[in-house]
Amino acid sequence: MSSQTFLAALTGSFSTPCADNPTVAMIEAAYRHHDMNARYINCDVKADGLADAVRGAVAMGWAGFNCSIPHKVAVLAHLDTLADSAAIIGAVNCVVIRDGRLTGENTDGKGFLESLSSVTDPKGKSFCLLGAGGAARAIAVELALAGARHLTIVNRDPARGQDIATLINDRTAAEATFLPWTERFAIPQDIDVLINATSVGLGDAEAMPDIDPDSLRDGMVVADVIPNPPRTALLRAAHDRGCTTLDGLGMLVNQGVISIRLWFGQDVDAAVMARQLQDIFGVAKA
Ligand code: NDP
């Protein structure tokens, strides 16, 4: 009997708009590199189509899917269980389908944590997070669950910032403080890791969050969530002052690695996916 199979494992993404989302190219580069018999399909799913899309994925035996705007919270209604951090964050961007049961995960913060672990251990450290949107919330929860000692959340909108600080204080062992961002912000000198989790810098290499660059001190870790362009003004300023820097491209690639691990239990080569994204973004290779 032939060992050939014409049936691939299916994965993909449900979001809208989605034509600009390069995740499919990144994930399929890994599938090809590792000779995995799997496909990833980028699907434009409107808000009122989510229930049918999820039922369709289950009916077609998909291994799982990513979801993004506008489905990250709405998808919760269609799941059987939630991973611990996704339950605290209250949003899901990766769903694993096993034996017809759906488990919700959130890879935003986990992708960041995986990047961070290449330079430092979050245990006992003091973090400053600029921004209080979905990315900041996911990163804050993962840092707290990984043993961070203190988080300072800095945001323009006080309600969103206070909400994350309260979530961390109420649901995790870490401590969090909110500071309103009303003027140029000087990074407190006891901060070990600064993270830009705002959208400042997306598509604009010169845009800089309104912080005092001279408060970036030698030895600090400075991370940015912005994947494109990855060498943001903040990271360049931090590098010039002797900080260790982490870019958002690495965080994005790690999210792909984590999704594939969750769906198939296989660790893929992050460098293959990074190269694919660099080609798409037109970034010079490191
Ligand atoms: P949200 O829209 O949920 O949040 C945006 C945040 O940015 C808010 O806190 C907002 O502040 C803040 N902000 C926007 N403009 C400014 C400004 N001029 N000055 C100060 N703060 C500002 O977005 P997300 O959290 O979903 O995403 C944030 C960024 O993270 C995006 O650029 C996205 O591309 C990136 N991202 C990267 C990922 C990766 O894997 N690398 C994964 C997920 C996201 P306020 O509340 O006061 O309006």
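Reader: What should I know before I start?

Author: This is a predicted model, where local features need pLDDT of at least 70, side-chain atom pairs count only at pLDDT 80 or more, and totals for chains, interfaces and linings use all residues. Residues are numbered from 1 along each chain as its sequence is written.

Reader: Which domains is the protein chain divided into?

Author: Domain bounds come from an automatic or database domain assignment. Here you get domain 1 (9-106 + 250-281) and domain 2 (110-246). Their C-alpha centres lie 25 Å apart.

Reader: How many residues of domain 1 are in contact with domain 2?

Author: Two residues are in contact if their C-beta atoms, placed from the backbone, lie within 7 Å. By that rule, 13 residues of domain 1 are in contact with 18 residues of domain 2. On the domain 1 side, α3 (84-89) and α8 are the elements that give two or more residues, and α8 gives the most, with 6.

Reader: How do I read a helix like α8?

Author: Helices (H or I, at least four residues) are DSSP runs, numbered from the N terminus. The expected span of a helix is 1.5 Å times one less than its number of residues. α8 (residues 248-264) has 17 residues and reaches 24 Å from its first C-alpha to its last, close to the 24 Å expected. Just after α8, G265 takes a positive phi of about 70°.

Reader: Is α8 mostly covered, or how many of its residues are buried?

Author: A residue is buried if 20 or more other C-beta atoms lie within 10 Å of its own, exposed if 12 or fewer, and partly exposed in between, with C-beta atoms placed from the backbone. In α8, 14 of the 17 residues are buried. For contrast, look at A77, in the loop between β3 (64-67) and β4 (81-82): A77 is exposed because it has 9 other C-beta atoms within 10 Å.

Reader: Which residues come nearest the ligand?

Author: A residue is near a molecule if its C-beta atom, placed from the backbone, lies within 6 Å of it. Of the 23 residues around the ligand, G133, A135, R156, D157 and T198 come nearest. α8 turns up again, giving the most to this shell, with 4 residues.
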